[in-house]
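Dear colleague,

My notes on what was found in it follow directly after.

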Amino acid sequence: MVLGGLRRCEVLGLRVGDLRFGERRVFVAEGKGGHQRLIPVSARFFTEVSAYLDAERPADPGTDKVFVVLKGPRRGMPLSADGLDEILDGARGRAGLARATCHQLRHTCLTQLRKAGMSLEAVQAQAGHASIESTRIYLHLGDDWLAAQYRKAAEAIDAQVFIDGLAR
């Protein structure tokens, strides 16, 4: 969620075959509204997932889902939404955060991608949004980001005006 902007249901639906390690992409077979997409995800995601598959995931689980229950009588069965929330609760506690949800992690990822310069249309595709308006509403961009974007655009305009002036 925080490394690829996936929805909770998309994370839970990931199958081992959906992970394209060589391409550093993830195939989302069952996105919102039944839509599919192939999205890039950070190298860190693939490093962490690879370590999980090698060291933690049972060798012979009863599913091809990536994320499975690791302990107890359901060991090897697909991880449920409640199970994922329980894992997140533990991580949130260890991090000392008062609040963090799967959806907030998704928002964080998409906002950081936009702040890093990814176009709004690319963030839309990454998120799997049908409408660009959904993407706009979704992002939480601060005043500093807006000011920096304005300065960058204004400098480009000023430079072009200068070049156009020289050309006359």
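Helices (H or I, at least four residues) and strands (E, at least two) are taken as DSSP runs and numbered from the N terminus. This is a predicted model, in which local features need pLDDT of at least 70 and side-chain atom pairs count only at pLDDT 80 or more, while totals for chains, interfaces and linings use all residues. Residues are numbered from 1 along each chain as its sequence is written, and side-chain values use heavy atoms, with hydrogens and water left out.

Helix H4 and the backbone

Just after H4, Gly-117 adopts a positive phi of about 110°. The helix itself covers residues 102-115, 14 residues in total. From its first C-alpha to its last, H4 reaches 20 Å, close to the expected 20 Å; the expected span is 1.5 Å times one less than the number of residues. Its buried residues (buried meaning under 20% relative accessible area, exposed over 50%, partly exposed in between, with a 1.4 Å probe and protein chains only) include Cys-102, Arg-106, His-107 and Arg-114.

A positive phi also occurs at Arg-24, at about 55°, although this residue is not a glycine. Most residues other than glycine have a negative phi. Arg-24 lies in the loop between strand E1 (19-20) and strand E2 (25-28), and its relative accessibility of 47% makes it partly exposed.

Cysteines

How many disulfides does a search of the whole structure find? The search finds 0, a disulfide being a pair of cysteine sulfur atoms within 2.5 Å. Cys-9 is partly exposed at 48% relative accessibility, whereas Cys-102, which belongs to the buried residues of H4, has a relative accessibility of 8%.

Aromatic residues

The structure holds 3 aromatic pairs. Rings of Phe, Tyr and Trp (its six-membered ring) pair if their centres lie within 6.5 Å; planes under 30 degrees apart count as stacked, over 60 as edge-to-face and the rest as tilted. The ring centres of Phe-45 and Phe-46 are 5.1 Å apart and their planes stand at 85°, so this pair is edge-to-face. Phe-45 is buried at 13% relative accessibility, and Phe-46 is buried as well, with a relative accessible area of 5%. Together with Phe-21, Phe-45 and Phe-46 form one aromatic cluster.

With kind regards
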